[in-house]
Amino acid sequence: DDSDTELNEFAVQLQKPISYEDSTFGTFTLDRRVDWFTGGAVWKGKPVSLHLSARAPAEVQAALGTAHSLWQAQDVWDQRVRDYAVQLLLPLKNESWLNEGEIEVTAGQFKERMKLESITVHPDGSFEFWHNDGDLFWGHSIQITGSLSKGPISADIPG
């Protein structure tokens, strides 16, 4: 439909990608469907998606600050997140989510089955770690939320 030239020009502008470059992580592209920037990164030697829940340039910079802090201490944060997941979700697994004939899962087995898929960071220092559950909870995700200042604060199995 070319009846409204101004509207059509605006529609073309909205379809152009908006990207942001970071010297550590590379290129992030705005995903307008969820209103955040998405890129890739490597966490403890494995590729993950990295999402910046930000749109304005100052918010992007602040969210990147959160990401840089997490990546600078990957071993510490990975351990904290996994330990927190075990603390809150392992009892749930063993009390309510065992398959028929399945024996209780140990903390080590639980951590081994968790596979990190993505990390979302926010300008205020908060974050979400999203894991594939390795069929611990029949295909639900394992989501650990927290902040740089407080550490992990909640665990959920959405999906």
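Which residues are linked in a network of salt bridges? Lys93, Glu102 and Arg113 are. The close-ups below start from the model as a whole and return to that network.

**About the model.** This is a predicted model, in which local features need pLDDT of at least 70, side-chain atom pairs count only at pLDDT 80 or more, and totals for chains, interfaces and linings use all residues. Residues are numbered from 1 along each chain as its sequence is written, and side-chain values use heavy atoms, with hydrogens and water left out.

**View 1. The largest nonpolar core holds 37 residues.** Such a core is a set of buried Ala, Val, Leu, Ile, Met, Phe, Trp, Tyr and Cys residues joined through side-chain atoms within 4.5 Å. Trp71, Phe110 and Ile142 touch the most other members. Elements giving two or more residues include strand E2 (26-31), helix H2 (57-72), helix H3 (74-96) and strand E7 (141-147). H3 gives the most, with seven residues. Helices (H or I, at least four residues) and strands (E, at least two) are DSSP runs, numbered from the N terminus. In soluble globular proteins, nonpolar side chains tend to be buried together.

**View 2. Phe110 and its contacts.** Leaving out residues up to four places away in sequence, Phe110 touches Ala85, Val86, Leu89, Leu90, Lys93, Val105, Leu136, Phe137 and Ile142. Contact means heavy atoms within 4.5 Å.

**View 3. Asp35 pairs with Arg55.** The structure holds seven salt bridges. Each is a side-chain nitrogen of Lys or Arg within 4 Å of a carboxyl oxygen of Asp or Glu. In this one, the closest N and O atoms are 2.9 Å apart. Asp35 lies in the loop between E2 and E3 and Arg55 in the loop between E4 and H2, so the bridge ties together parts 20 residues apart in sequence. Asp35 is partly exposed, at 36% relative accessible area. Arg55 is partly exposed too, at 43%. Buried means under 20% relative accessible area, exposed over 50%, and partly exposed in between (1.4 Å probe, protein chains only).

**View 4. Lys111 meets Asp83 in a salt bridge.** The N to O distance is 2.4 Å. Lys111 sits in helix H4 (residues 107-113) and Asp83 in helix H3, so the pair joins parts 28 residues apart in sequence. Lys111 is partly exposed, at 25% relative accessible area. Asp83 is partly exposed, at 32%.

**View 5. Lys93 bridges to Glu102.** Their closest N and O atoms are 3.3 Å apart. Lys93 is buried, with a relative accessible area of 0%. Glu102 is partly exposed, at 23%.
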